[in-house]
Amino acid sequence: MGLSRQELTVRVLVRWERTRRSLRSCVKRVLLSEGVEDHKVWGTIHAYCMELMKRLRTIDAFLEAAVRNSSVRDLDPWVRNALRVATFEMKFNDVKPAIATNEAVKIVLDELGEGPARFVNAVLYDVEELSMDDVLDRARDEIERLAIEYSHPEWFVRHLLDTLGREELERLMEANNREPERYLRVHAHLIDPDKVVLELEKEGVVVEEDPDVPLILRVVEHDVPPVRTEPYRRGWVAYQDKASAAAAYALRPDPGDSVLDACAAPGNKSAYLYALAEGEIELTCVDVNPRRLREMRRNFRRWGVEARIRRADATELERELDSERFDHVLVDPPCSSSGAYARSPETRWTVRWRHVNRYARGQLAILRGVAPLAEHSLVYSTCSVTVVENEEVVRRFLREEDGFEPEEPFDLGSPGVERWRGQRYPWHDRVRRLWPHRHRTEGFFTARLVRS
Ligand SMILES: C[S@@+](CC[C@H](N)C(=O)[O-])C[C@H]1O[C@@H](n2cnc3c(N)ncnc32)[C@H](O)[C@@H]1O
């Protein structure tokens with residue numbers, strides 16, 4: 001007989017802790033190794049793991065309150081994750097505590113034997129007795145209380161409390177815990193967008209055109225996931241969040257313009273630009289990571305995107321490209337992904353505050369590296385909501401490079417943050433932020449810097 005949903009999830013979590021790869025890839029590995037090839041089962045387990053991952057901080061707070069003489073961190077990975085799954089079941093999924101406990105005990109008994117199984121039984125007995133208020137009352141301060149209640153990292157709560165204030169921060173975290181909107185990009189260089197809408201509808205995927213960003217469709221409802229439809233298989237559409245497409249839209253190239261995407265893989269923003277220009281741009285796509293470049297090459301073949309692809313480090317790009325110049329340059333560097341907590345909840349637990357500062361240093365280095373290559377505009381975007389990776393990076397860049405001016409990138413979203421920790425950003429209304437709780441998108445920052 002196959003493994004239960006709970007046991008598969010425990011295996012996925014154990015693997016995720018060990019590898020820190022994406023949840024999706026952990027689900028795939030575990031299910032393939034168990035001989036599960038049905039994609040519907042993959043989808044169900046992935047969705048279940050995502051929901052659990054969103055609640056991980058709250059679940060661990062229940063466990064910390066129940067595990068005596070030890071810490072959740074120090075437990076055996078099988079014990080820890082069986083406890084997490086059972087706690088998730090009883091506190092968030094309305095599963096009867098006795099049923100959730102029995103399943104966890106069975107999993108640990110099979111894997112580790114009687115002693116650990118008895119321990120799991122005792123801990124879950126205590127978890128059953130605890131209420132959310134019991135757990136929140138144990139928090140040492142307001143930051144920890146909010147972090148537990150909404151299951152977000154403490155650094156995130158601290159930083160965004162400063163930036164947004166409490167009421168709005170709570171709305172942001174609530175939005176991060178909901179199902180995110182799904183958007184599709186249409187490859188208008190391959191297919192008439194109206195035809196795609198009809199083809200998707202025929203297969204039970206209802207979409208509506210986004211009113212703000214061309215070629216973006218919002219998925220309203222679906223009988224089958226869009227990824228299983230003919231338009232997706234044929235490369236006519238691909239998933240892309242509206243905010244990510246908007247960042248690329250900010251470049252607004254004219255037909256024939258040359259565009260450099262300095263951190264391009266796996267190619268979504270480049271593909272959006274190519275589709276928008278119906279193929280009438282000269283696209284150069286650079287990335288440093290060979291695996292992601294391979295993925296981009298595969299994507300471009302499927303999506304019918306023609307581009308010159310180069311493996312290079314964007315901080316040294318001027319030398320690599322022999323001082324070539326481009327009309328427009330896009331910099332979409334690695335970031336904390338703190339705007340994508342709804343879609344990739346696992347990043348809440350892998351990226352720490354010290355990483356945020358490290359990302360910011362890397363972002364500035366890439367911007368500096370590519371600035372000389374931009375003849376007209378330089379667009380900087382991240383799927384992060386921190387000031388450190390956004391307004392602060394732009395401020396430091398502009399302080400050194402006096403040849404650029406921020407110009408409103410598009411008529412959508414909110415202005416940037418006006419001040420933070422004694423710094424003022426006088427151009428804050430000429431950069432743009434999209435927020436999950438305000439705009440039903442990922443959290444995104446876009447600055448369009450033009451040569452003055
Ligand atoms: C946020 S992702 C880009 C996503 C892409 N723009 C899209 O829309 O599909 C950041 C990319 O930057 C690449 N990268 C990181 N450091 C780099 C560097 N120094 N030079 C060039 N690419 C870099 C990473 O490999 C990664 O693919």
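Helices (H or I, at least four residues) and strands (E, at least two) are DSSP runs, numbered from the N terminus. The model shown in these views is predicted.

**View A. Ser151 sits in a loop between two helices.** Helix H9 covers residues 142-150, and helix H10 covers 154-164. Ser151 lies in the loop that links them. Look at its backbone. Ser151 is not a glycine, yet its phi is positive, at about 55°.

**View B. Helices H4 and H7 cross.** Two packed helices are described by the angle between their axes and the distance between the axes. Here H4 (residues 56-66) and H7 (residues 114-129) pack at about 110°. Their axes are 9 Å apart. Angles from 65 to 115 degrees count as roughly perpendicular, and H4 and H7 are therefore roughly perpendicular to each other. Their crossing is right-handed. Which residues of H4 meet H7? Phe62, Leu63 and Ala66 do so, and they face Val123, Asp126 and Val127 in H7. By class, the contact of H4 with H7 has five nonpolar residues, one charged residue and no polar ones.

**View C. Helix H5 packs on H7.** H5 spans residues 77-92. The angle between H5 and H7 is about 30°, and their axes lie 10 Å apart. The cut-off for roughly parallel is under 35 degrees, so H5 and H7 are roughly parallel to each other. This crossing, too, is right-handed. On the H5 side, the contact is made by Val79, Ala82, Leu83, Ala86, Thr87 and Met90. On the H7 side, the partners are Pro116, Phe119, Val120, Val123, Leu124, Val127 and Glu128. These residues of the H5 and H7 contact divide into 11 nonpolar, one polar and one charged.

**View D. Four strands form an open sheet.** In what order do the strands stand? The order is S2-S3-S1-S4, and the pairing is antiparallel. S2 (205-209) and S4 (237-239) stand at the edges. Each has a single partner strand, so one side of each is left without a neighbour in the sheet. From one strand to the next, the twist averages 40°. In a regular strand the side chains alternate between the two faces of the sheet.

**View E. Strand S3 pairs with S1 and with S2.** S1 (residues 183-186) and S3 (residues 216-222) pair in the antiparallel sense over three bridges. Leu184 has Leu217 of S3 as its bridge partner. S2 and S3 also run antiparallel, and five bridges join them. Val205 is bridged to His222 in S3. S2 and S3 form a hairpin with six residues between them. In the turn, Leu215 has a positive phi of about 70°.

**View F. A cis peptide bond joins Ala265 and Pro266.** Its omega is about 5°. Where is Pro266? Pro266 is found in the loop between strand S5 (258-261) and H15.

**View G. A shell of 20 residues lies around the ligand.** Which residues come nearest? They are Cys263, Asn268, Asn289, Ala314 and Asp332. Helix H15 (268-276) and strand S6 (282-287) each supply at least two residues of the shell. By class, the shell has 10 nonpolar, five polar and five charged residues.

Technical notes. Residues are numbered from 1 along each chain as its sequence is written. This is a predicted model: local features need pLDDT of at least 70, side-chain atom pairs count only at pLDDT 80 or more; totals for chains, interfaces and linings use all residues. A residue is near a molecule or strand if its C-beta atom, placed from the backbone, lies within 6 Å of it. Ala, Val, Leu, Ile, Met, Phe, Trp, Tyr, Cys and Pro count as nonpolar, Asp, Glu, Lys and Arg as charged, and the others, Gly among them, as polar. Axes are lines fitted to C-alpha atoms, for helices over the stretch in contact, and angles run from 0 to 180 degrees between N-to-C directions. Angles under 35 degrees count as roughly parallel, over 145 as roughly antiparallel, 65 to 115 as roughly perpendicular and the rest as oblique. A crossing is left-handed if the near helix is turned anticlockwise from the far one by less than a right angle, and right-handed if clockwise. Two residues are in contact if their C-beta atoms, placed from the backbone, lie within 7 Å. Two strands pair if DSSP finds at least two bridges between them.
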